[in-house]
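Me: Could you take a close look at one part of this model for me, the nonpolar interior and the ring pairs?

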Amino acid sequence: MTPGGTPGAPGVVVVTGVGRYLGAHVAARLAADPRIERVIGVDPTTPGPEVTDLLDRVERVRLDLDSLGGLLADLDVDAVVHLALVSAPDPQHGGRSAMKEQNVIGTMQLLAACQRAPRLRKLVVRSSTAAYGASFRDPAVFTEETEPREVPRGGFGRDILDIEGYVRGFRRRRPDVTATVLRFAPFIGSTADTTLTRYFSQPVVPTVFGRDPRLQFVHFDDALEVLHRSIVEDHPGTYNVAGPGVLSLSQAIRRAGRVAMPVLEPGLSGAAAVARSLGFGRYGLDQVDLFVHGRVVDTSRLEQEYGFTPRTTAAAFEDFIRAHHGGVVVTRDQLSVAEALVLEGIRQVRSAVRERP
């Protein structure tokens with residue numbers, strides 16, 4: 001079998017965002033596939049030491065997305081995998097404005113370059129189930145055709161809606177290109193390092209008083225498998241990618257051996273600020289709404305089209321727990337902080353009840 005000669009398998013692939021964990025792993029898997037001739041990793045920054053070893057067989061190019069047009073044409077690129085998305089604003093690197101510049105403007109520039117690439121025949125775009133938003137008006141289960149009942153409050157969810165809109169326009173202009181959009185549930189697993197895994201790694205986990213949302217996750221290795229199949233096979237369309245089944249937030253916290261810290265919804269931002277001060281990461285409205293309302297998607301289209309079923313949400317979460325068992329210990333100081341926040345939450349509830357007419 002000659003490289004690139006397999007039906008559906010491209011010869012030359014460009015992967016954006018190889019300086020990040022997901023992009024580096026996708027590029028490495030493609031480079032190890034004998035059906036693919038060349039894998040070119042694009043990122044404006046130099047990959048960190050945690051992913052450098054993965055990229056030994058990947059040709060790396062330091063390039064912004066607005067300069068991608070010449071590369072696609074000069075190298076006769078067959079496929080582009082767009083993974084260079086930012087899921088949470090980083091105040092140290094431009095905050096929300098830089099995040100939107102990367103996600104929305106960057107995708108527009110990439111699609112413009114793809115439109116001008118004459119040999120391009122495949123485009124795979126990372127999306128998110130955040131496209132559906134999260135509100136009290138949501139259906140029990142989202143299918144790929146479900147329209148969001150409300151525009152997402154969080155920046156990432158709004159960016160995803162814009163990105164998918166631009167991809168729909170690209171499909172109309174280049175019907176000869178197989179375009180695949182993958183709406184991933186939040187990643188989890190033994191190796192994933194995300195806002196979600198850091199949330200559940202806290203010894204004391206802030207939750208919303210009176211809420212126990214249903215959650216879905218996708219194991220990082222299963223996400224890699226779906227991405228790889230999307231590139232070496234032809235699967236046009238939009239697909240939900242999540243582990244079957246659900247876990248309630250309370251179940252997940254108990255299984256992780258953590259302590260839940262209920263607060264009123266207006267106070268969740270305050271609890272998140274305390275978590276940040278303890279070095280436990282950052283949270284935005286996308287995460288807050290998810291932990292208030294939850295989100296469950298139907299994956300039957302993925303299973304039928306790809307002939308692949310990701311491991312269940314419960315199994316993916318169990319793998320995360322096994323890898324992090326004993327990794328975080330609740331110290332006396334942290335328990336004191338938790339107790340103070342729980343007492344403050346109780347005071348807020350009592351105050352809210354007294355103020356009711």
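Reply: Happy to! Contact here means heavy atoms within 4.5 Å. The model is predicted, so local features need pLDDT of at least 70 and side-chain atom pairs count only at pLDDT 80 or more, while totals for chains, interfaces and linings use all residues. Residues are numbered from 1 along each chain as its sequence is written, and side-chain values use heavy atoms, leaving out hydrogens and water.

Let's start with Val15. Leaving aside residues up to four places away in sequence, Val15 touches Gly23, Ala27, Leu30, Val39, Ile40, Gly41, Val42, Val81 and Leu83. A nonpolar core is a set of buried Ala, Val, Leu, Ile, Met, Phe, Trp, Tyr and Cys residues joined through side-chain atoms within 4.5 Å; buried means under 20% relative accessible area, exposed over 50% and partly exposed in between (1.4 Å probe, protein chains only). The largest such core has 41 residues, and Val15 and Leu182 have the most contacts inside it. A second, separate core of 31 residues includes Val42, Leu71, Val80 and Val181.

Now the rings: those of Phe, Tyr and Trp (its six-membered ring) pair if their centres lie within 6.5 Å, with planes under 30 degrees apart counted as stacked, over 60 as edge-to-face and the rest as tilted. That rule gives eleven aromatic pairs. One of them, Tyr21 with Phe220, is tilted, at 5.1 Å centre to centre and 45° between the planes. Tyr21 is partly exposed because its relative accessibility is 30%, whereas Phe220 is buried at 3%. Tyr199 and Phe291 are stacked, 4.2 Å centre to centre with 15° between the planes, and both residues are buried. Ring pairs also join Tyr199, Phe200, Phe217, Phe291, Phe317 and Phe320 into a cluster.
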